[in-house]
Amino acid sequence: MTAPGVQEDVTGRPPVVERRLHPVTPLRRAWAPVAVLMGWAVHDPDGAQRQLTRLTTTTLLLGLGVLIPAAALYGFLSWWFTHFAVTDSELRVRTGLLFRRTAHIRLERIQAIDVTQPLLARVAGVAKLKLDVIGADKKDELAFLGAGEARALRAELLARAAGFAPETAHEVGEAPSQQMLRVPPGVLAVSLLLTAATWVWLLVAAVALPLLWTATHSLWTVLAAGIPMLGAAGASSVGRFVAEYDWTLGESPDGLRIDHGLLDRAHETVPPGRVQTVRLVEPLLWRRRGWVRVELDVAGSSNSLLLPVAPRAMAESVVERVLPGVTVPPPEAFSRPPRGARWCVPVWWRGHGLAVTDAVFASRHGLLRRSLSLVPHAKVQSVRLAQGPWQRAHGVADVHVDTGANGTVTARLRPAEEAASLLHAQAERSRTGRRDALPDRWMA
């Protein structure tokens, strides 16, 4: 919507125009008083039931006659007193009905801006903006804006974060995107059916529920135990299918674009230069088909999935675009732990491996569910060596590499002498990598 007001600027610069959210927003915020009552009912169901049994029809109707207008008034006032404005250096959001709060989001600290549309928002033609900001524990958001206005505002904020002048940021528009990969729904469905978590929960339910029925002969007990089990199985298959449906990966000057969702559509961006770690995950039942899942650790962002499923060769080519100059080491490049490590981690020691190239620190672990973690040397913040008494007795140690996304990649069960030399060599590679790395900039 257009601005309801203008803030004066005493410095002589153009005035800051404030805008309101979409008029449909009060419908979303009106649920807050109702949510409080529902929370009380869930917290104290016996007390809530006693109170309801005491109510007459007339009292109940009077209560609804007060609650519904009060909720509508709250939603309207919270929308009316919420404004946002884009200045030369920040996004300013003013909220609060009784207690005013102004959030100042510096544009240069914005790492990613996602446009999401829940199902009802898609019907209403609105969307919300979610902003990943350095130092923020959770995403700031503007909900809701018109779908077109949300994309235009996103493009403007990204342009200003990239250094474009305010007077030209409106003209830049959304950077063009070139599609790199689209995951077919059939492939996604098969990959989820071949995920062990789904079958584990179904197997647990198939064994536990008949035993419960034999022991208790209580239908309610069986339902109380079976619904969470089936819900967990559904969340690991149906829930992921709905969330990851029509997964499309594109490349643009402002980063990698991700679009996905069957009911709730999400338009996410992986910011360039902010990816700290890339993981190639290979479940056991995927290996015959050559599929992998690509996960990310991104500094200042909660986006953690790049590809839900893809052929390994294609996934490795995408990794090379995410981490310029990095090539995924081949299997023969990884060195296994020494045989003495089998006394520290029986059987599973065979799943560990390490490869260090000129560009990347690569660590592998897992036998049934293999995971390969790649950390560019320039993204390493610190290196640590850890060696417990049992490891010391068998001449092995762990080397931990910490990244800027508060994550850690570990090379486990390395020979003690190799671990000590790796500690110093990796520290030097990291210093050299940070010195030669390009700055992390939008649209660079």
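Glu 282 lies in strand 13, which covers residues 275-282. The model described here is a predicted one. The relative accessibility of Glu 282 is 11%, so this residue counts as buried, the cut-off for that class being under 20%.

Apart from neighbours within four places in sequence, Glu 282 is in contact with Arg 287, Trp 291, Val 292, Arg 312, Leu 368, Arg 369 and Arg 370.

Strand 12 is formed by residues 265-270 and is mostly covered, with six of its six residues buried. In a regular strand, side chains alternate between the two faces of the sheet. From strand 12, Arg 265, His 267 and Thr 269 point one way, while Ala 266, Glu 268 and Val 270 point the other way; all are buried.

Two pairings of strand 12 may be described in turn. Strand 6 (residues 110-117) runs antiparallel to strand 12 and is joined to it by three bridges; here Gln 117 stands opposite Arg 265. Strand 11 (residues 255-260) also pairs with strand 12 in the antiparallel sense, over five bridges, and Leu 256 stands opposite Val 270. Strand 11 and strand 12 form a hairpin with four residues between the strands, in which Gly 261 takes a positive phi near 120 degrees.

Three strands make up an open sheet in the order 19-20-21, with antiparallel pairing. Its edge strands are strand 19 (380-386) and strand 21 (408-415), each of which pairs on one side only. From one strand to the next, the twist averages 20 degrees.

Strand 19 and strand 20 (residues 396-403) run antiparallel and are joined by six bridges. Val 383 has Val 401 of strand 20 as its bridge partner. Helix 13 (residues 416-436) packs on this sheet and touches strand 19, strand 20 and strand 21. The direction of helix 13 makes about 170 degrees with that of strand 19.

## The packing of helix 8 on helix 10

Helix 8 (residues 185-193) packs with helix 10 (residues 219-244) at an angle of about 155 degrees, and their axes are 10 Å apart. Helix 8 is therefore roughly antiparallel to helix 10, a term applied to angles over 145 degrees. The crossing of helix 8 past helix 10 is right-handed.

On the side of helix 8, the contact is made by Pro 185, Leu 188, Ala 189 and Leu 192. Helix 10 contributes Ser 236, Ser 237, Arg 240, Phe 241 and Glu 244. The residues of this contact comprise five nonpolar, two polar and two charged.

Terms used: Residues numbered from 1 in each chain as written. Predicted model: local features only at pLDDT ≥ 70, side-chain atom pairs only at ≥ 80, totals over all residues. Heavy atoms only, no water. Buried < 20%, exposed > 50% of the residue type's maximum accessible area, 1.4 Å probe, protein only. Contact = heavy atoms within 4.5 Å. Pairing = 2+ DSSP bridges. Axes fitted to C-alpha atoms, helices over the stretch in contact; angles between N-to-C directions. Parallel < 35°, antiparallel > 145°, perpendicular 65-115°, else oblique. Left-handed = near helix turned anticlockwise from the far one by under 90°. Nonpolar A, V, L, I, M, F, W, Y, C, P; charged D, E, K, R; others polar.
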